[in-house]
Amino acid sequence: MTLRLFNTLTGEVDTLAPAPGEPLRIYACGPTVYDYGHIGNFRTFLQVDVLRRFLKLNGIPLRHVMNITDVDDRIIQNTVASGVTLREYTARFEQAFFEDLDALRIERPEVIARATEHIPRMVELVQRLAAAGAAYKTDEGSWYFRLAAFPEYGKLSKKDLSGMEDGARVDLDRYEKDSARDFALWKAAKPGETSWDTPIGRGRPGWHIECSAMAMEYLGESFDLHAGGEDLMFPHHENEIAQSETVTHKPFARHWMHVRFLLVDGRKMSKSEGNFFTLRDLLLKGYKASAIRLALISVPYRHQLNFTFDSLTDATKAIERLRTFHRRLAGGNFPSGENAALQAAARKAEANFLGALADDLNTAEARAPIFELVRTANTAMDEGQLRSCDRDLILSVLRKFDAVFDVIDDRDEEPTRRAIEWARQTGRESEIAPELLARQSIADEQVEALLAERAQAKKQRNFARADQIRSELAEKGIVIEDSKEGVRWKRK
RNA sequence: GCACCGGUGGCGAAGCGGCUAACGCGCAGGUCUGCAAAACCUGUAUACGCGGGUUCGAUUCCCGCCCGGUGCUCCA
């Protein structure tokens, strides 16, 4: 199945496929590790994860590179302020970032590249740009890209830059630049700041050159797909194109994918606005990692997603439905044989699921046939019409669903536990929701013991005691499921 | 100001020229139960922002308007 994906560069939905015999080469802009990531950051990484997983499900080998920006103005500022080394400072947030990726079940790219480990490649690129007459050095020792050297500038974001004439609104003298729109390739070192001594001077790389250099290092001068948040389209990605194509005279990335913003209560979420939630904030409020994943995935990447706590509650319930169904199906005993109608329903669900994803990663549409299948199969089970072959087929459909969505398999305990641990270690205990602590306050064995006692009480028709135990467990977030097959329980 | 995106039942959200307008949540009823809960099933809602136009036919295309958002600067 071929993926049709919107391409910002062409403005159309284009086929995305690797060259024959080659892996699909992807570069996706990663985090700047100066703080904990917020859920808006993770929406982008999650959508790229959906892309990855769908391609893999279709048997397409990947070479996916993600950068870690571990040097930039904010990081330098913060290190200077806190008196630690750059590496000490960034290591902490880099580790936190990976923990968060794990919590959300975001797969690791094949290559993870730190900016600080690729300085020579960036320097080399600046030198090549200088040789081509597209870069110049200022008196203070910074290097800039000469925008005039790249007439196609603006082709990605479709911007008409003619309205921004030099000098109209920017005082050129203050910037030492030839043109107001020229952007920094290399920033001269200032006293006390981390810097590198290189053939082009002492300093540190600009943000844009970092991505160009690392993308070319691992993917070559031309590659299949470049992805990132919509805000990076201009100027970051536009600048990457300008730098790279000026040097190589080849198209940088053929296909560009931009994930639209996540809004909170209808407003843009950003660190500068302060209205943001980190993944950890949500985990400490008691939301499960899987619910956060599903909520952030379910709105297709090309639409803005308005995040609300209701959406997390909805997602939690939806996941419960899937998990309950899966448990019922996988654990049940069914007569051998097959039910033709169910077989057809399962195959149709799978085809619709895959088809929706192949159509520009329409995750909202892709979910629908899975839930329809759940209903159909539940009905069949109630009526005793589901056979072992049907079970096998439906389970395989669920596996494919989960190969992309990854929410049925329950591994929610670990991220929550870690978030609590982290909160305790960093003096954020007050942020842990009381219900969450209550939920953690009872061990599995204690639950089992109380349930055994309750069963005994029920047998003796001591309903008062049985109900007492029931409400006691309920207070601790334990949900009891009485059924013909016996008692099951789960944590809310 | 310029540019772009969106406004679908109580909420979220697909669909984008002609099917009973998906799906999830919610809500109601039923099955089950000592009672509940959970689970499942069924049902539910006179949902396509407003006004024109094109068309045999428009939620879907065009124009205008209103509302919300985003970009144009660091930002996923």
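## Strand pairing and domains in chain A

Three bridges, given as 3 bridges by the assignment, join strand β13 (residues 262-264) to β15, and the two run parallel. Strands pair if DSSP finds at least two bridges between them. Strands (E, at least two residues) and helices (H or I, at least four) are DSSP runs, numbered from the N terminus. The model is predicted: local features need pLDDT of at least 70, side-chain atom pairs count only at pLDDT 80 or more, and totals for chains, interfaces and linings use all residues. Residues are numbered from 1 along each chain as its sequence is written.

Valine 264 has phenylalanine 307 in β15 as its bridge partner. The open sheet has 3 strands in the order β14-β13-β15, with mixed pairing. β14 and β15 stand at the edges, each with a single partner strand, so one side of each is left without a neighbour in the sheet.

Elsewhere, β1 and β2 run antiparallel, joined by 5 bridges. Arginine 4 stands opposite threonine 15 in β2. The two strands form a hairpin with 4 residues between them. In the turn, glycine 11 has a positive phi of about 75°.

| Strand | Residues |
|---|---|
| β1 | residues 3-7 |
| β2 | residues 12-16 |
| β14 | residues 267-268 |
| β15 | residues 305-307 |

Lysine 177 sits in the loop between α5 (172-175) and β8 (183-188). Aspartate 139 is 38 residues away from lysine 177 in sequence and 10 Å away in space, C-alpha to C-alpha.

Chain A is divided into domain 1 (3-259) and domain 2 (442-492), with bounds from an automatic or database domain assignment. Their C-alpha centres lie 55 Å apart.

Methods. Chains lettered and ligands numbered in written order. Heavy atoms only, no water.
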